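Thanks for coming, everyone. Please look at the screen while I bring up the model.

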Amino acid sequence: MRLLVVGRLSGQLATAVKMAMAHGAKVQHVERGDQATEQLRRGQGADLLMVDYRVDIAALISANENERIHVPVVACGVDADATDAANAIRAGAKEFIPLPPEADLIAAVLSAVADDERPMISADPSMKHVIQLADQVARSEASILITGESGVGKEVMARYLHAGSKRSERPFISVNCAAIPDNLLESELFGHEKGAFTGAMARRIGKFEEADGGTLLLDEISEMDVRLQAKLLRAIQERVIDRVGGNKPVPVNIRIIATSNRDLAKSVAEGSFREDLLYRLNVVNLRLPALRERPGDIAVLADHFVKKYAAANGVPVRPISAEARRALTTHRWAGNVRELENAMHRAVLLAIGPEIDVEAIRLPDGQPLNAGGGAPAYDAGPAGRAAHVADVVTRSHVGQTVAQMEKTLILDTLSHCLGNRTHAANILGISIRTLRNKLNEYADEGTSIPAPQSGIAASGYAA
């Protein structure tokens, strides 16, 4: 983890820095907020900012956001009282660390804010086969395309590849191509020169240069505009990039890993993805099976998430009951590992007995998993279940217009995804831009839009 410390490096802050380094953090230091923004702008990235509470935290965060730099901030300080801590949190800090520091607190904050603990966990033969292939190619320089449904753990696999590569000591930089508007993605990837466009007040180093020597993950590459794909192809082929507004090629030395939850061959046929770019990216393809295709992973992942979120929330680690394990293994998990992780996070918080029972494992709408107990009021066979669901859905939609049904479907799906726009768009089969336009339209009508629930929905297993 890369830690940027902002403030005067007093004795107590220096001690906190040493503790962070002892937990594996790579630390850089500046004294002022504007120096921190400038360092981030130059491509000397950070996963976390540790800022003295006497620095203007709100101004620092605002300056970073103006540059589209989003790095979490934790505040710290000596002799800070409750008001100082509250003001730092209101200014945008995620946490406050009182100094002199405690080693356990430093470790907990670094883990909770950076969420760096993303191990590759598997017991199912189908997933173990993919991991074996990943081990074979990790130390190569080949570009790798990781495919699979949303939530199966594509970014986790990308980090696993980087950790096993010859570039593991260099940066791992991730860009979500679906989350950044087309008119900003070029600058985000390749950087820009001062004055390149309105608002470009200084040179900005892009993700290609920030990842120099390491690995660049292009997440959801299928969402990239076809015109930008041509510039990406040149960068991969020639290992040089052109900053927006620049007149001199910049050499880069990176390994490309890309992910997609779409069929890129179909996208090529439809004209929305370049065939030559697909060939460049797809030197090796790692297809991650859906969680329902690797049932042997469900129990071990559930146990891992219980331990993770019990530690994060300061509650005892409760074992999962036998009935709950049966319910977990029979559930379809349409949202894959991400859905399982969110369910187990809720279960850790809701469990009240000595075990995590099936009642504590809830779906996003608050309903418990079907534990298999009790006879349903309809034929339990596949045809009976399908007829029952169809009848319920039909009755609930009678009398609605198509626009009303579309709105209900979009909002219900967004709620199911705990506000995650990218995940919802993938499930709905629409682009993230179309989803944003619809949500803006509903908001203008006065409709409440589910906000991303980062405390629960944040997942190391994001697609």
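Two notes before that. This is a predicted model, where local features need pLDDT of at least 70, side-chain atom pairs count only at pLDDT 80 or more, and totals for chains, interfaces and linings use all residues. Residues are numbered from 1 along each chain as its sequence is written, and side-chain values use heavy atoms, with hydrogens and water left out.

The overview comes next. The protein chain has 20 helices and 12 strands. Those are DSSP runs, numbered from the N terminus: helices are H or I with at least four residues, strands are E with at least two. Of the 463 residues in the protein chain, 46% are buried. Buried means under 20% relative accessible area, exposed means over 50%, and partly exposed is in between, using a 1.4 Å probe and protein chains only. Now contacts, meaning heavy atoms within 4.5 Å. Take those in the protein chain between residues at least 6 apart in sequence: 71% join residues at least 24 apart.

On to the cores. A nonpolar core is a set of buried Ala, Val, Leu, Ile, Met, Phe, Trp, Tyr and Cys residues joined through side-chain atoms within 4.5 Å. Which members of the largest one touch the most other members? They are L189, F208, L216, L218 and I221, out of 30 residues. Six elements each supply at least two residues of this core: strand 7 (172-176), helix 8 (182-190), strand 8 (215-219), helix 10 (226-238), strand 11 (255-260) and helix 12 (275-281). Helix 10 gives the most, with 5 residues. Look at L216. Leaving aside neighbours within four places in sequence, L216 is in contact with I173, V175, K207, F208, A211, I254, R255, I256 and I257. Another core lies apart from this one, with 25 residues, among them Y309, W333, M344 and V348.

Now find helix 7, residues 154-163. Is helix 7 largely enclosed or largely open? It is largely enclosed by the rest of the structure, because 7 of its 10 residues are buried. Those are K154, E155, V156, M157, A158, L161 and H162. They pack against helix 6 (125-137), strand 6 (144-147), strand 7, strand 8, strand 11 and strand 12 (284-287).

Move to helix 19, residues 432-444. Start with its partner helix 18, residues 421-428: the two pack at about 105 degrees, with their axes 9 Å apart. Axes are lines fitted to C-alpha atoms, for helices over the stretch in contact, and angles run from 0 to 180 degrees between N-to-C directions. Helix 18 and helix 19 are therefore roughly perpendicular. For the cut-offs, under 35 degrees is roughly parallel, over 145 roughly antiparallel, 65 to 115 roughly perpendicular, and the rest oblique. From helix 18, R421, T422, A424, A425 and L428 meet I432, L435 and L439 of helix 19. That contact divides into 6 nonpolar, 1 polar and 1 charged residue. Here Ala, Val, Leu, Ile, Met, Phe, Trp, Tyr, Cys and Pro count as nonpolar, Asp, Glu, Lys and Arg as charged, and the others, Gly among them, as polar.

Helix 17, residues 402-416, also meets helix 19. Their axes come within 11 Å and cross at roughly 110 degrees. That makes helix 17 roughly perpendicular to helix 19. E406, K407, I410, L411 and L414 of helix 17 make the contact with L435, K438, L439 and Y442 of helix 19.

The C-alpha atoms of A179 and I432 are separated by 7.2 Å, though the residues are 253 apart along the chain. A179 is partly exposed, at 36% relative accessibility.

Next, D52, in strand 3 (residues 48-52). UniProt, in an unreviewed entry, places the feature "modified residue: 4-aspartylphosphate" at D52. Such annotations may be inferred rather than shown by experiment; feature names are shortened, and positions are given in the numbering used here. At 6% relative accessibility, D52 counts as buried. Beyond neighbours within four places in sequence, D52 is in contact with V6, G7, I57 and C76.

Last, backbone angles. Most residues other than glycine have a negative phi. E220 is not a glycine, yet has a positive phi of about 55 degrees. E220 sits in the loop between strand 8 and helix 10, and is buried at 3% relative accessibility.
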